[in-house]
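Please study the sequence and the structure shown below. The paragraphs that follow lead through the fold step by step.

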Amino acid sequence: MSRLVRLAQWQALKAHRRTWRGRHLRDVFAQELRRFERFSAALDDLLLDYSKNLISAETLALLRDLGRVTGVEERVAAMFRGEPINNTEQRAVLHVALRNDPSVPIYVQGRDVMPEVAQVLARMERFANAVRSGRWKGHTGAAITDVVNLGIGGSDLGPAMACRALAPYGHKRLRMHFVSNVDPQHLGDTLAPLKAESTLFIVASKTFTTLETLANAQAARRWLLKKLKDKSAIARHFVAVSTNRAEVKKFGIDPEHMFGFWDWVGGRYSLWSAIGLPIALYIGMDGFRELLAGGRDMDGHFRADPLASLPGTLALLAIWYQHFWGASAHGVMPYDQHLARFPAYLQQLCMESNGKGVTRDGRAVRWDTGEIVWGEPGTNGQHAFFQLLHQGTRFIPLDFLVATRTHSDLDGQHQMLVANCLAQSEALMRGKTRAEATAELAAAGLPAREIRRLAPHKAFPGNRPSNTLLYGQLTPRTLGRLIALYEHKVLVQSAVWDINAFDQWGVELGKQLAGTLIRELGSARPGAHDSSTVGLMRQYLKLRTPH
């Protein structure tokens, strides 16, 4: 591929950016009375309003041309065909197969993977039904009341986010817990109120060697045995999501209660697989299949026209702002408390996928990749960091997410929530001029000298872009669509940047060093490290025992 910044389409976008100097969105809206109709799109009841962006029809055309010449459509087609687009590991990237219609084949190296996918789903269903119905008993004969998922990264963030998001659909008897941190306080605080006889642990580790997860699993195992005093209890209180049958069996888990997945499923894309077992236990397999159906809906929409789709539009807008407006961050603001963990989930999805410094063929990139993704639920965020968004010097595009119907309205409070969401996007777009601020202060009866002093502080520049995703209600199907929307956004961005979004070598060095440091701290003998690391180790060893 030609070097990105030298492409004629890239240079055309640079020239086009200059046409936006001095233009303001409030004036654009005044001139284009049908702007919302022109710059919004929908998949059923999921609406994307992208009219509050610094774009015109020409901007979109130029961005889509860039997408075409950088091979976005070819990369998308290759993914759905099961080709090894994860080129550093020579793997297919087929999270889409996990939610595919089981009657439609998808091939990896000439083998249809759909029968295996269907088999795992059927095993998940049998197990979920047994736990939910109470037929699955603990060692003492008690029904399960608490499920503790032991995982990290994609084995934690996706299921934890989804269970919180879909709490209105959760089983009334089951309480879900997620432990990911090797900090013993995380597991200790989680286990403190639980009863061993009614607790089920899910150990989620593909290799069953993940350092943090296995440390927590061994600690949980010791806790259970201390309470129940019988090693045979392990088989009734632990199941595994893994592919390492030998280690699972060695731990004491019955291999019949091991749920596998495949090397073409990346961790941050794995909630659709057996990693989603906590979701299936909590909302039931019918609900889990609805989640899959939502992802499948978005897959079909995206595949039909990648660059004009909802994911393609979001991806190209992000590229427009990152490269031609100087944005380095992107905010995701769910005005839906059940989506409180969605920004954290997207942090891994986006930043682990596209935080790469070399192209697919190993050359150093000469353009920025990835984006810093962050966010918090509204309306709390309004009283925390929105000040910076409105009047600060940073240029940060936003996505707002909001439902039209809630699961528990209280005296019209949901309408208040929606009003706040729409008000923030309008305020960011419109801003407030010095003249408007002056008029407001004058109307409040302030003296002229005070008006002159305060007016600059009460003016807002506006012209801050945002997207709004409006959906009917946060159902399993809606959540599936939202997750797949951002997954495909990541793919489009990676294709334009010519990077591999599906490996994560950057996390390996820290893991290797941690293994060495664990041994050295255990022996109280710091090894050969830089002076900072050695100094910190010595101070830790000195202070770890209270005097």
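This is a predicted model: local features need pLDDT of at least 70, side-chain atom pairs count only at pLDDT 80 or more; totals for chains, interfaces and linings use all residues.

In what order do the six strands of the open sheet with mixed pairing stand? The order is 1-2-13-12-10-11. From one strand to the next, the twist averages 15°.

The pairings within this sheet can now be followed one by one. Strand 1 is joined to strand 2 (residues 46-49) by four bridges, and the two pair in the antiparallel sense. Strand 12 (residues 398-403) and strand 13 (residues 466-471), in contrast, pair in the parallel sense, over six bridges. Here Leu401 stands opposite Leu469 in strand 13. Strand 10 (residues 329-335) also runs parallel to strand 12, and five bridges join the two. In this pairing, the bridge partner of Val332 in strand 12 is Asp399.

Why is strand 12 described as largely enclosed by the rest of the structure? Six of its six residues are buried, and strand 12 is therefore largely enclosed. Its side chains may be sorted by direction: Leu398, Phe400 and Val402 point one way, Asp399, Leu401 and Ala403 point the other way, and all are buried.

Helix 14 (residues 310-324) lies across strand 1, strand 2, strand 12 and strand 13, and runs at about 25° to strand 2. Helix 15 (residues 342-354) also packs on the sheet, where it touches strand 10, strand 11 and strand 12. The direction of helix 15 makes about 165° with that of strand 11.

Helix 14 has a further partner in helix 4 (57-69). Two packed helices are described by the angle between their axes and the distance between the axes. For helix 4 and helix 14, the axes come within 10 Å and cross at roughly 100°. The two helices are therefore roughly perpendicular to each other. On the side of helix 4, the residues that meet helix 14 are Thr59, Leu63, Arg64 and Leu66; on the side of helix 14, they are Thr313, Leu316, Ile319 and Trp320. By class, this contact has five nonpolar, two polar and one charged residues.

Helix 4 also takes part in covering helix 5 (residues 72-80). Which residues of helix 5 are buried? They are Val72, Arg75, Val76, Ala78, Met79 and Phe80. What covers these buried residues includes helix 4, helix 6 (95-98), helix 13 and helix 20 (476-497). Just after helix 5, Gly82 takes a positive phi of about 80°.

Helix 13 (residues 277-304) contains Asp299. Is this residue buried or exposed? Buried means under 20% relative accessible area, and Asp299 counts as buried because its relative accessibility is 6%. Leaving aside neighbours within four places in sequence, Asp299 is in contact with Phe80, Val96, Arg99, Ala484 and His488.

Strand 8 (residues 238-241) pairs with strand 9 in the parallel sense over two bridges, and Val241 has Phe259 of strand 9 as its bridge partner.

The last stop is a pair of helices. The axes of helix 21 (residues 508-523) and helix 22 (residues 531-543) come within 10 Å and cross at roughly 40°. This angle makes helix 21 oblique to helix 22. Their crossing is right-handed. Leu517, Glu520 and Leu521 in helix 21 meet Thr533, Met537, Tyr540 and Leu541 in helix 22. The residues of this contact divide into five nonpolar, one polar and one charged.

How values were computed
Residues are numbered from 1 along each chain as its sequence is written. Side-chain values use heavy atoms; hydrogens and water are left out. Two strands pair if DSSP finds at least two bridges between them. Buried means under 20% relative accessible area, exposed over 50%, partly exposed in between (1.4 Å probe, protein chains only). Contact means heavy atoms within 4.5 Å. Axes are lines fitted to C-alpha atoms, for helices over the stretch in contact, and angles run from 0 to 180 degrees between N-to-C directions. Angles under 35 degrees count as roughly parallel, over 145 as roughly antiparallel, 65 to 115 as roughly perpendicular and the rest as oblique. A crossing is left-handed if the near helix is turned anticlockwise from the far one by less than a right angle, and right-handed if clockwise. Ala, Val, Leu, Ile, Met, Phe, Trp, Tyr, Cys and Pro count as nonpolar, Asp, Glu, Lys and Arg as charged, and the others, Gly among them, as polar.
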